[in-house]
Amino acid sequence: MTCDRTPPWQDGRAAPDCGADRRLPREEREGTRWRLSGNQNLLAEQRRALILEEVRKHGGARVNDLTRKLNVSDMTVRRDLDALAKQGVLEKVHGGAVPVLDASSHEPGFEAKSVLEMTAKEAIAKAAAEMVAPGSAIAISGGTTTYVLARHLLDVPDLTVVTNSVRVSDVFDEARRRAAKGPRSHRAPGTATVVLTGGVRTPSDALVGPVADRTIRSLHFDVLFLGVHGISVEAGLSTPNLAEAETNRRLVQAARRVVVVADHTKWGTVGLSSFAPLSEVDTLVTDAGMPPEARREISEHLRELVIAGEPDGGS
């Protein structure tokens, strides 16, 4: 008998019996639990990232499948789905969840984006940090990848950092407060001078608009590290936020070198507003998930492609 908690999927396929796992041989059921028992100690953020990956990879996921894979309770999975649905990254349906169809004007919040591609962002940030010389003046845009990058720059001496990201500014402010409280001999060498542009706050915690634009207009940076919503040959760099597009445009114009930090999922995504063609990008730092055909296409249009985590940067 089919479980009435699980609906047919949207493509018309009938859903399997949600009690089917109970009919498996005892040894198989216990073996499955044993293999996945390590997941019971996952942080909620990590668990939700796995759930979102499962939903996007398969076009949907059922609650009973997720409980087995993650070795957690039905109630825990439902709470995770509620949290992800509130962040706007998936849609709950009866008995499970399906992906949210992306719209060019939809802008997820910072928390929603921060749990995505965490390993890739860490590798990208580490590779990008190696491009920063002591004593340089850099700009860091808003975004979750640039936020991770900021944490890798805390030990670089004598930096001047201009940013329109509240989160990036907080990273340096917290490091400064910790250094001030600690013994002088233990203080980090890289206490940076940070300029926060001001402006109107976006869902991704970037400051944009006329105030930010006026601040940036009078400045000049050695390197800009730029996070993007989408990147493609046709649309260049794009964002779903019109005001952010103008602020990002100002950042690009003020930089001697433009380094885009973006994981492989950003390739082929197009937001509502383009703010720079690929010809204005000096370097793209991405992760090993970028497909070979995409790498070839990117290399035809950019000066430098760095694949984080690969020997010689994948170049």
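**A walk through the predicted model**

Of the 315 residues in the protein chain, 47% are buried, where buried means under 20% relative accessible area, exposed over 50%, and partly exposed in between (1.4 Å probe, protein chains only). This is a predicted model: local features need pLDDT of at least 70, side-chain atom pairs count only at pLDDT 80 or more, and totals for chains, interfaces and linings use all residues. Residues are numbered from 1 along each chain as its sequence is written, and side-chain values use heavy atoms, with hydrogens and water left out.

Start with the overall inventory. The protein chain holds 11 helices and 15 strands. Both are DSSP runs, numbered from the N terminus: helices are H or I with at least four residues, strands are E with at least two. Take the contacts in the chain with a separation of 6 or more: 65% of them are between residues 24 or more positions apart. A contact means heavy atoms within 4.5 Å. The accessible surface comes to about 16000 Å², and 51% of it belongs to carbon and sulfur atoms. These areas come from the Shrake-Rupley method with a 1.4 Å probe; for residues, only the protein chains shown count as cover.

Now go to helix H8, residues 166–181. Its 16 residues should span 22 Å at 1.5 Å a residue, and its end C-alpha atoms are 23 Å apart, which agrees. The expected span is 1.5 Å times one less than the number of residues. Buried residues of H8 are Val-166, Val-168, Ser-169, Val-171, Phe-172, Ala-175 and Ala-179. An α-helix has 3.6 residues a turn, so residues three or four places apart point the same way. The cover over the buried residues of H8 includes helix H7 (144–152) and the strands S4 (137–140), S5 (160–163), S6 (193–196), S7 (200–201) and S8 (207–208).

What sits at the start of H8? A side-chain oxygen of Ser-165 comes to within 3.3 Å of the backbone nitrogen of Arg-167. Such a polar contact is a pair of N or O atoms within 3.5 Å; within protein, one must be able to donate a hydrogen and the other to accept it, and residues adjacent in sequence count only if both atoms are side-chain atoms. Ser-165 belongs to the loop between S5 and H8. Ser-165 is buried, at a relative accessible area of 1%. Leaving out residues up to four places away in sequence, Ser-165 touches Ser-141, Gly-142, Leu-196, Asp-205 and Ala-206. Leu-196 is 31 residues from Ser-165 along the chain, yet their C-alpha atoms are separated by 7.4 Å.

Next comes an open sheet of three strands. Its order is S10-S11-S13, and the pairing is antiparallel. Strands S10 (230–232) and S13 (273–276) stand at the edges with a single partner strand each, so one side of each has no neighbour in the sheet. On average, neighbouring strands here are turned by 35° against each other, direction ignored. Axes are lines fitted to C-alpha atoms, for helices over the stretch in contact, and angles run from 0 to 180 degrees between N-to-C directions. S10 pairs with S11 (residues 236–239) over three bridges; two strands pair if DSSP finds at least two bridges between them. In that pairing, Ser-232 stands opposite Gly-236.

Helix H10, residues 242–254, lies across S11 and S13 and runs at about 5° to S13. Asn-248 is part of H10. Asn-248 is buried, with a relative accessible area of 2%. Beyond four places in sequence, Asn-248 touches Ser-141, Leu-226 and Phe-275.

Strand S12, residues 255–261, is mostly covered, with five of its seven residues buried. S12 runs parallel to S9 (residues 221–227), joined by six bridges. Gly-227 has Val-261 of S12 as its bridge partner. S12 also runs parallel to S14 (residues 283–286), joined by three bridges. There, Val-260 is partnered by Leu-284.

S14 also holds Thr-286. Is Thr-286 buried or exposed? Thr-286 is buried, with a relative accessible area of 0%. A polar atom of the Thr-286 side chain lies 2.8 Å from the backbone oxygen of Ala-262. Residues up to four places away aside, Thr-286 touches several residues, among them Ile-124, Asp-263, His-264 and Val-306.

H6 covers residues 118–129; its 12 residues should span 16 Å at 1.5 Å a residue, and its end C-alpha atoms are 16 Å apart, which agrees.
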